[in-house]
Amino acid sequence: QSAATRGAHWDGPQSGFAAALASCQRCPLHAQATQVVAGCGPDKAALMIVGEQPGDIEDLHGRPFIGPAGQVLGQAMQHVGLERDRVYLTNAVKHFKHVVRGKRRIHQTPASDEVEHCRLWLDTELLRVQPKLVVALGATAAMALTGRKGPISGRRGKVEAGRDGVPVLITYHPAYILRLPDTAAQSTARDVLMRDLAEAKALV
Ligand code: URA
């Protein structure tokens, strides 16, 4: 049994996926999250977009990319003519990692071992959806998909070999864009995200 499948209650790529994922306890993150947030999109899609992990709003509603970062992504997709319902959207980690400060739940970056535990689900989605290309939003998704760690500064806009055999185009995470200090920097980064998404569209 491989490290990826050890401890999983999983009965194959097509069957029982949602139920198995919903009851996942492969790492401690399930204990603090409201629910698992599975990927969504067509069963077969030429393009898959992978983020880091659900945010506060996604955790509460159980759907990926519906909060502020999702809006930035959605606007960029719309701008380049990528229809959301033709793209499979998911995350490297399926539970919201956070700390509670007063009434706020503050996002925390998942650790490498949490990303590795969750890779079973990402691998299963890749098997099922069979995309031609995956877009990795930010360093966590890039690590999960390529196995290579580190900042994405020198890698953004390039296609790398994915560990599952699917090519991976790396770009900014929309939450990173929202954290940039001024609107000019945000606008430049949004343009870069749109350029990368347009490139992804051209490749599929
Ligand atoms: N950020 C992500 O990476 N994924 C989401 O689903 C929402 C915010």
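This is a predicted model: local features need pLDDT of at least 70, side-chain atom pairs count only at pLDDT 80 or more; totals for chains, interfaces and linings use all residues.
Visitor: Which face-lining residues of α7 are buried?

Guide: Helix α7 covers residues 183–203. Seen down the axis of α7, its buried residues fall within an arc of 125°, so they line one face of the helix. On the other side, A184, S187, D191 and A202 are exposed. The buried residues are A189, R190, L193, D196, L197 and A200.

Visitor: What covers the buried residues of α7?

Guide: The cover includes both strands and helices. Among the strands are β1 (47–51), β5 (133–137) and β7 (168–171). The helices include α3 (68–79) and α6 (174–179).

Visitor: Is H79 buried, exposed or partly exposed?

Guide: H79 lies in helix α3. A residue needs 20 or more C-beta neighbours within 10 Å to be buried, and 12 or fewer to be exposed. Because H79 has 14 such neighbours inside 10 Å, its class is partly exposed.

Visitor: Which residues come nearest to the ligand?

Guide: The shell around the ligand comprises five nonpolar, six polar and two charged residues. Of the 13 residues around the ligand, those that come nearest are G51, E52, G55, P64 and A69.

Visitor: How far apart do the end C-alpha atoms of residues 38–193 lie?

Guide: In an unreviewed entry, UniProt assigns residues 38–193 the feature "domain: Uracil-DNA glycosylase-like". This span is 40% helix and 18% strand. Its end C-alpha atoms are separated by 24 Å.

Note on methods. Residues are numbered from 1 along each chain as its sequence is written. Helices (H or I, at least four residues) and strands (E, at least two) are DSSP runs, numbered from the N terminus. The expected span of a helix is 1.5 Å times one less than its number of residues. The arc is that of the directions from the helix axis to the C-beta atoms. Two residues are in contact if their C-beta atoms, placed from the backbone, lie within 7 Å. A residue is near a molecule or strand if its C-beta atom, placed from the backbone, lies within 6 Å of it. Ala, Val, Leu, Ile, Met, Phe, Trp, Tyr, Cys and Pro count as nonpolar, Asp, Glu, Lys and Arg as charged, and the others, Gly among them, as polar. UniProt positions are given in the numbering used here, feature names are shortened, and annotations may be inferred rather than shown by experiment.
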